[in-house]
Amino acid sequence: MNEHEVRIDVGDGVWLAATLFLPDPALGPQPCLLEALPYRKDDQTSSYAEFYRALRDHHGYAVCRVDVRGTGSSAGDALDEYQLAERQDLATVIAWLAAQQWCDGQVGMFGTSYSGFNSLQLACEQPPALKAICAIYATDDRWTDDV
(Lines give C-alpha, C1' and ligand atoms only; values in the text may rest on other atoms or scores of the structure.)
Protein backbone atom coordinates (compact mmCIF):
# COMPACT_ATOMS: atom_id res chain seq x y z
CA MET A 1 0.00 0.00 0.00
CA ASN A 2 1.18 3.47 -0.79
CA GLU A 3 1.37 6.70 1.16
CA HIS A 4 2.71 9.80 -0.54
CA GLU A 5 3.25 13.42 0.37
CA VAL A 6 2.36 15.76 -2.48
CA ARG A 7 1.97 19.46 -3.13
CA ILE A 8 -1.08 20.44 -5.14
CA ASP A 9 -0.72 23.72 -7.05
CA VAL A 10 -3.93 25.75 -6.71
CA GLY A 11 -3.01 28.25 -9.42
CA ASP A 12 -2.10 31.51 -7.67
CA GLY A 13 1.41 30.63 -6.57
CA VAL A 14 0.07 28.71 -3.57
CA TRP A 15 0.27 24.96 -3.09
CA LEU A 16 -1.50 22.76 -0.60
CA ALA A 17 0.23 19.95 1.26
CA ALA A 18 -1.56 16.64 1.00
CA THR A 19 -1.02 13.08 2.10
CA LEU A 20 -2.33 10.42 -0.26
CA PHE A 21 -3.26 6.96 0.97
CA LEU A 22 -3.50 4.92 -2.23
CA PRO A 23 -4.88 1.39 -2.52
CA ASP A 24 -3.20 -1.48 -4.28
CA PRO A 25 -2.74 -0.51 -7.96
CA ALA A 26 -3.98 -3.98 -8.92
CA LEU A 27 -7.47 -2.82 -7.91
CA GLY A 28 -7.40 -0.27 -10.73
CA PRO A 29 -8.67 3.29 -10.38
CA GLN A 30 -10.80 3.88 -7.30
CA PRO A 31 -12.92 6.73 -5.92
CA CYS A 32 -11.02 9.20 -3.76
CA LEU A 33 -12.20 10.50 -0.40
CA LEU A 34 -11.01 13.99 0.57
CA GLU A 35 -10.76 15.50 4.04
CA ALA A 36 -9.61 19.12 4.22
CA LEU A 37 -8.69 20.56 7.61
CA PRO A 38 -6.68 23.41 9.14
CA TYR A 39 -5.39 21.18 11.94
CA ARG A 40 -1.89 20.31 10.69
CA LYS A 41 -1.87 16.84 9.20
CA ASP A 42 1.83 16.26 9.87
CA ASP A 43 1.82 16.74 13.62
CA GLN A 44 -1.33 17.83 15.49
CA THR A 45 -3.64 15.35 13.75
CA SER A 46 -1.13 12.78 12.51
CA SER A 47 -2.82 10.13 14.69
CA TYR A 48 -5.77 10.19 12.24
CA ALA A 49 -3.64 8.28 9.72
CA GLU A 50 -4.90 4.90 10.96
CA PHE A 51 -8.44 5.91 10.01
CA TYR A 52 -7.32 6.82 6.48
CA ARG A 53 -5.41 3.55 6.19
CA ALA A 54 -8.57 1.66 7.19
CA LEU A 55 -10.59 3.41 4.47
CA ARG A 56 -7.87 2.41 2.01
CA ASP A 57 -7.11 -1.12 3.25
CA HIS A 58 -10.59 -2.33 4.20
CA HIS A 59 -12.76 -0.45 1.70
CA GLY A 60 -10.43 0.13 -1.27
CA TYR A 61 -10.71 3.92 -1.40
CA ALA A 62 -7.96 6.31 -2.26
CA VAL A 63 -7.85 8.94 0.51
CA CYS A 64 -6.45 12.45 0.47
CA ARG A 65 -5.83 14.47 3.62
CA VAL A 66 -5.04 18.12 2.85
CA ASP A 67 -4.03 21.08 5.00
CA VAL A 68 -6.10 24.06 3.85
CA ARG A 69 -4.43 27.28 2.69
CA GLY A 70 -2.10 28.84 5.23
CA THR A 71 -2.32 26.00 7.75
CA GLY A 72 -0.08 23.09 8.63
CA SER A 73 2.33 22.32 5.82
CA SER A 74 0.42 24.28 3.16
CA ALA A 75 1.50 27.61 1.70
CA GLY A 76 -0.49 30.84 1.65
CA ASP A 77 -2.27 32.81 4.34
CA ALA A 78 -5.25 31.71 6.39
CA LEU A 79 -7.13 35.01 6.57
CA ASP A 80 -10.41 33.64 7.91
CA GLU A 81 -12.34 30.40 8.31
CA TYR A 82 -13.89 29.04 5.09
CA GLN A 83 -12.57 31.92 2.99
CA LEU A 84 -13.45 32.14 -0.70
CA ALA A 85 -9.86 31.24 -1.65
CA GLU A 86 -10.18 28.03 0.41
CA ARG A 87 -13.31 26.97 -1.47
CA GLN A 88 -11.62 27.73 -4.79
CA ASP A 89 -8.55 25.78 -3.65
CA LEU A 90 -10.64 22.75 -2.74
CA ALA A 91 -12.45 22.81 -6.10
CA THR A 92 -9.00 22.73 -7.71
CA VAL A 93 -7.94 19.86 -5.44
CA ILE A 94 -11.07 17.89 -6.35
CA ALA A 95 -10.37 18.33 -10.07
CA TRP A 96 -6.70 17.36 -9.55
CA LEU A 97 -7.66 14.22 -7.62
CA ALA A 98 -10.23 13.19 -10.24
CA ALA A 99 -7.59 13.49 -13.00
CA GLN A 100 -5.05 11.18 -11.34
CA GLN A 101 -4.50 7.75 -12.91
CA TRP A 102 -5.31 5.98 -9.62
CA CYS A 103 -8.70 7.77 -9.32
CA ASP A 104 -11.79 6.72 -11.24
CA GLY A 105 -12.85 10.37 -11.56
CA GLN A 106 -15.16 10.33 -8.56
CA VAL A 107 -14.35 12.28 -5.41
CA GLY A 108 -16.20 12.36 -2.11
CA MET A 109 -15.61 14.78 0.77
CA PHE A 110 -16.08 13.93 4.41
CA GLY A 111 -15.37 15.14 7.87
CA THR A 112 -16.40 16.28 11.28
CA SER A 113 -16.90 19.93 12.17
CA TYR A 114 -14.54 22.06 10.03
CA SER A 115 -14.18 19.47 7.29
CA GLY A 116 -17.92 18.83 7.42
CA PHE A 117 -18.58 22.54 6.96
CA ASN A 118 -16.29 22.79 3.94
CA SER A 119 -17.82 19.59 2.51
CA LEU A 120 -21.25 21.24 2.57
CA GLN A 121 -19.85 24.45 1.09
CA LEU A 122 -18.14 22.60 -1.77
CA ALA A 123 -21.31 20.62 -2.47
CA CYS A 124 -23.04 23.97 -3.04
CA GLU A 125 -20.30 24.90 -5.53
CA GLN A 126 -20.99 21.65 -7.45
CA PRO A 127 -17.54 20.82 -8.83
CA PRO A 128 -18.15 18.14 -11.49
CA ALA A 129 -16.08 15.37 -9.86
CA LEU A 130 -17.61 15.79 -6.38
CA LYS A 131 -20.11 12.95 -6.20
CA ALA A 132 -20.88 12.65 -2.47
CA ILE A 133 -20.27 14.21 0.91
CA CYS A 134 -20.57 13.04 4.49
CA ALA A 135 -20.70 15.98 6.89
CA ILE A 136 -20.71 15.16 10.59
CA TYR A 137 -21.40 17.77 13.29
CA ALA A 138 -21.56 20.42 10.58
CA THR A 139 -24.06 22.92 9.26
CA ASP A 140 -24.89 24.96 6.21
CA ASP A 141 -25.96 27.89 8.44
CA ARG A 142 -22.91 29.25 10.24
CA TRP A 143 -24.86 32.28 11.47
CA THR A 144 -27.06 30.25 13.82
CA ASP A 145 -25.37 26.86 14.07
CA ASP A 146 -21.59 27.43 14.25
CA VAL A 147 -19.63 26.62 17.39
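**Exercise 1. In which helix is the place of serine 115? Determine also whether serine 115 is buried or exposed, and list its contacts.**

*Solution.* Before starting, note that the model is predicted, so that local features need pLDDT of at least 70 and side-chain atom pairs count only at pLDDT 80 or more, while totals for chains, interfaces and linings use all residues. Residues are numbered from 1 along each chain as its sequence is written, and side-chain values use heavy atoms, with hydrogens and water left out.

Step 1: serine 115 has its place in helix 3, where helices (H or I, at least four residues) and strands (E, at least two) are DSSP runs numbered from the N terminus.

Step 2: the relative accessible area of serine 115 is 0%, and the residue is therefore buried, given that buried means under 20% relative accessible area, exposed over 50% and partly exposed in between (1.4 Å probe, protein chains only).

Step 3: with neighbours within four places in sequence left aside, serine 115 is in contact (heavy atoms within 4.5 Å) with Glu35, Ala36, Leu37 and Phe110.

Step 4: a polar atom of the serine 115 side chain lies 3.1 Å from the backbone nitrogen of threonine 112.

**Exercise 2. Describe helix 3 by its span, its buried residues and the surroundings of asparagine 118.**

*Solution.* Step 1: helix 3 has twelve residues and reaches 17 Å from its first C-alpha to its last, close to the 16 Å expected at 1.5 Å a residue, the expected span being 1.5 Å times one less than the number of residues.

Step 1: among the buried residues of helix 3 are Tyr114, Gly116, Phe117 and Leu122.

Step 2: asparagine 118, also found in helix 3, counts as buried because its relative accessibility is 0%; residues up to four places away in sequence not counted, asparagine 118 touches Ala36, Val68, Tyr82, Glu86, Leu90 and Met109.

Step 3: just after helix 3, glutamine 126 takes a positive phi of about 55°.

**Exercise 3. Characterise the aromatic pair of tyrosine 39 and tyrosine 114.**

*Solution.* Step 1: the structure holds six aromatic pairs, for which rings of Phe, Tyr and Trp (its six-membered ring) must have centres within 6.5 Å, with planes under 30 degrees apart counting as stacked, over 60 as edge-to-face and the rest as tilted.

Step 1: tyrosine 39 and tyrosine 114 form an edge-to-face pair, at 6.2 Å centre to centre and 75° between the planes.

Step 2: this pair links distant parts of the chain, since tyrosine 39 is in the loop between strand 3 and helix 1 (49–59) and tyrosine 114 is in helix 3, 75 residues apart.

Step 3: tyrosine 39 counts as partly exposed because its relative accessibility is 33%, whereas tyrosine 114, at 5%, is buried.

How values were computed
Polar contact = N/O pair within 3.5 Å; in protein donor to acceptor, adjacent residues only side chain to side chain.
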